[in-house]
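This report describes how the parts of one model are arranged. The sequence and the structure come first.

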Amino acid sequence: MRERRSPPVTAPERSAPRAAGAARVLLAACAALGLIAAAPPAHFAPASTQQLQNGVRLVMQPIADTPLVAVQLFIPAGLAQQASNEAGVAAVAAETVLRTAENGQSVAALAAASGASLSYTLDPNDTRYSIECRSQDLPSLLKALVAALNRPDASQISVARAKVLGVAADTVKNPVAAALAMVRQVNYADSGFAYPDAGRPETVAQLTAAQVTRFLSDHFRAGGAVVSISGYVTGPTLDAVKQIASSLPSGSPPAPAEGKAVARQHQVVAHRSVDQPWVAIGYQAPTQFSRDFPAMLVVEALLGQGGDIHALSFGSEAALPEDFVGAYYQYQAQPGAFIVFLNGAGPGGVDSSIRELQLAIARLRVQKLPTSLVDHGRRLALGDYFMSVQTLADDAWLLGNAARSPQGLAYVDDLPSAIARVTSSDIRRVAQRYLTHETLGVVLPASGR
Amino acid sequence: MHRSACGAVAALFFAAVFVAAPDDARAPAAAAVLAPGGSTLADGLTVQVRQLRSSPTAAIEVWLGVPSDGYGESKPGIARLAALAVAYEAFNGKSLRDVTRDDSGQLTITVYPASSEIAIVVPSYDATSVERALLDRVFHPSIDAKAFAAARQRLAAQQAAYLGATDLVLRDAVFSALFASGAYHVSPYGAAGSLNEISLDDLRAFLTTGYVPGNGIFVVAGDVNPAAVARIAASRAPLPAAVTPAAPAVLSAKPGATIIGNAETDRSGVALAWAGPPISDERAATAMDFLSDYLLRPAYGVVSMAIAAKNPGINVSGEFVTLKDPGVFYVTASGSNVDTGTMVALLRGAMTRALPGPMSESQFARAIQAYRTHALRDNSDSAQAIADNFGWYFIHGAPAYSPSATDAALSGDYFAQVSSLTPQYVAEVARRYLSSAPATAAVTPRAPAAADVPRASPTRGGS
């Protein structure tokens, strides 16, 4: 087989400049940037959606490049649905589901034995289960997963809790997590989303089996659930998927909690075992279905995207990075959160990076940007959008997410068109509206305490 | 870093550099059967296009069959330096990095012992401009002092970081113990000292020799128009140039053992490696792929799982690397504060127990089914993975055998070979290639002593 590509030993050639560098670009004269025409749209394969009688939305995108199929099952059991004193219950519930046995084999083991992947990711409003397998294996895997969601094995809860507790304890030491948690505590106070995705060690340790099963039974509901399939979908497979999706219990889950408006500056400081200071500067931001969203994506591109919306997600196959620099935009949360992470590695240290960022943001709020710079930002934002869809799983995520927008699946094409229409005035408007009350989370080396 | 090779055969092999006549400009690819969607231009450049609907992106790659330590006198790291310099070279005022960055794209440079890959993924609407930019810079290179300096700086940073990547260091060390000389004997990263041995003139000479169309493949996979790709490839083509074959891989007469004291990491580890079948023996190579999946796939392989169950702190990985001749099956195990001798015994014990003889028919049926899915997921999950495979299998002389050359019906050479496997054949291949004493390598975070050198005996009465 081809030798596996080694992970890069140094930072890869980034598509967009990192935050401090990008802010520098924004501050500099823009003469060097040529006028760039708005990029033509790229093409997604056609897709369709239908709503089943029990309320489940089913999205299908047939692609016959290979015999593989990817499924994203969105269950409205996300981080914002957790009570603040049960932070971590979504993670323990999802871990329990993967450990639940069907025909003598856990769902995770069943997937592994067929060569498939099965994982979960915690989003603000969903627990999202991902399957990638050959089309012929999909019905049995999906059926086993839905059965496990319906009847989680309570005997697995203690093992699941122990695993999540370990992650929660490790997260406390992670500087990126610490900085992110500070911003979230200010933006989403009193909800489960105010805390790290794996919860707080003290709340996870106290979770009972009854709390975990109740969380699942309350939120595993057809209303709000989406089954999004991309790949080699044949008629019999689709029929089987419909039948399985129709078995989800009808009804709607409790609505997720919403954050409160932040009306003043905040600064929170913590100490961790790090070599250099870490800073997260957070702002409340538009959600993905807001009219301000396209302009905010351009702002993100201009300030230097550090990673996409999944970059800091927690899941069975995703670990929080310990090194993240650049802008991170969580637009699924209510309200959205726009956070720029900086460290002290650059010239002038972290203070210089903060100053550059604040100056760049001030410029966005006050000045009319030159056309060439707006063009540049739009082009970067369009590129970031299309580059976020490289696998069948990405396709299934994008479509499943779009299915819940007011426009439905048309959203996937409407959004790039809207990005291409963003003007300098739009950028100034969203900067003035959102980039005002900053929350500064500072992580200092423990030795400097 | 202290590094000593113990037990490796000291004989050096210097192959005479053979400059082919212009008629032989297509030598590496001429005899090979191309995959569907492949063609060879008049200048010798092979072009491979695969149209995909699964992503609005395109992976645009050039692969060149160049030795990582250069032609003639060994200059470890020169291929990586050359590829970096091509990425930093300003062409009409813009480097490949700039072009990629403007489009939110991803530029990846990967240098293997026998090949270099420059890969760019961009939104598909930018594919044509990036195709032109890549071909211009690769086949009409003009490296100036500024690009050379930038590449040196980047490589120096990569070399420093490389030392902290224990699994990479282990892989290179065990290849070094398995091969007596040539590109597989040295790390593609080179070393800090070797960087000073490479001048700008050396780099230009390397590019003139290696970056020629008959030595490479231009691969585009994604939401693209194949006819447009072919037109661009033809329009940017350089003149035909002679292909200079690299020195062939030469195995050590007796597999060696090496140990590296690496103060840049707190992890220790061991690696074992066996020479396997050449790519021309497609059925045996496929059997080795299946074996590496069945034994070593993380969170699945029986060896990986057996070791993880008893030693959760040890990370096991490995694969069969399909090469022109021979292929290499290797496994690494690493962790914190783990005794290297114990690790070798653990690995050998787990391998022996996992391969007692032919698998039962039912066990084999389940494993081969899982393998098909793994092979698809690993090799066709994205435009870049598909393009990478076309590049790799072309470089090693069997483009039609690429796992990317398939479709929803699993057509193509590779999956036909998977279907031909039987438990008896797989067991025979395991006996033939994995029962001898492997080459071994170890990394420790401290200065090694002679007693640390790991040695492994044959599994079942091998040579």
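In this predicted model, 45 residues of domain 1 of chain A are in contact with 47 residues of domain 2 of chain A. At least two residues of the domain 1 side come from each of strand 9 (266–272), strand 10 (278–285), strand 11 (314–315), strand 13 (336–343), helix 13 (392–402) and strand 14 (439–445) of chain A. Helix 13 of chain A gives the largest share of that side, with 7 residues. By residue class, the side of domain 1 of chain A that touches domain 2 of chain A holds 25 nonpolar, 14 polar and 6 charged residues.

As for the domains themselves, the assignment for chain A places domain 1 at 19–41 + 258–448 and domain 2 at 48–245. Taken over C-alpha atoms, the centres of domain 1 and domain 2 of chain A are separated by 27 Å.

Chain A also meets chain B: 45 residues of chain A are in contact with 53 residues of chain B. Helix 3 (107–113), strand 7, helix 12 (371–387) and helix 13 of chain A each supply at least two residues of the chain A side. Here the largest share, 6 residues, belongs to helix 12 of chain A.

Chain A contains an open sheet of 7 strands with mixed pairing, in the order 1-2-8-3-7-6-11. Strand 1 (48–51) and strand 11 of chain A are at the edges with a single partner strand each, so one side of each has no neighbour in the sheet. Within chain A, strand 6 (residues 117–122) and strand 7 (residues 127–134) pair in the antiparallel sense over 6 bridges. Thr121(A) is placed opposite Arg128(A) of strand 7 of chain A.

In chain B, Ala441(B) lies in strand 14 (residues 439–444). Is Ala441(B) buried or exposed? Ala441(B) counts as buried, because it has 31 C-beta neighbours inside 10 Å, and the cut-off for a buried residue is 20 or more. Leaving out residues up to four places away in sequence, Ala441(B) touches Leu170(B), Ala173(B), Val174(B), Ala177(B), Thr258(B), Val270(B) and Ala271(B). From Ala228(B), Ala441(B) is 213 residues away in sequence and 48 Å away in space, C-alpha to C-alpha.

Technical notes. Residues are numbered from 1 along each chain as its sequence is written. Chains are lettered from A and ligands numbered from 1 in the order in which they are written. This is a predicted model: local features need pLDDT of at least 70, side-chain atom pairs count only at pLDDT 80 or more; totals for chains, interfaces and linings use all residues. Domain bounds come from an automatic or database domain assignment. Two residues are in contact if their C-beta atoms, placed from the backbone, lie within 7 Å. Helices (H or I, at least four residues) and strands (E, at least two) are DSSP runs, numbered from the N terminus. Ala, Val, Leu, Ile, Met, Phe, Trp, Tyr, Cys and Pro count as nonpolar, Asp, Glu, Lys and Arg as charged, and the others, Gly among them, as polar. A residue is buried if 20 or more other C-beta atoms lie within 10 Å of its own, exposed if 12 or fewer, and partly exposed in between; C-beta atoms are placed from the backbone. Two strands pair if DSSP finds at least two bridges between them.
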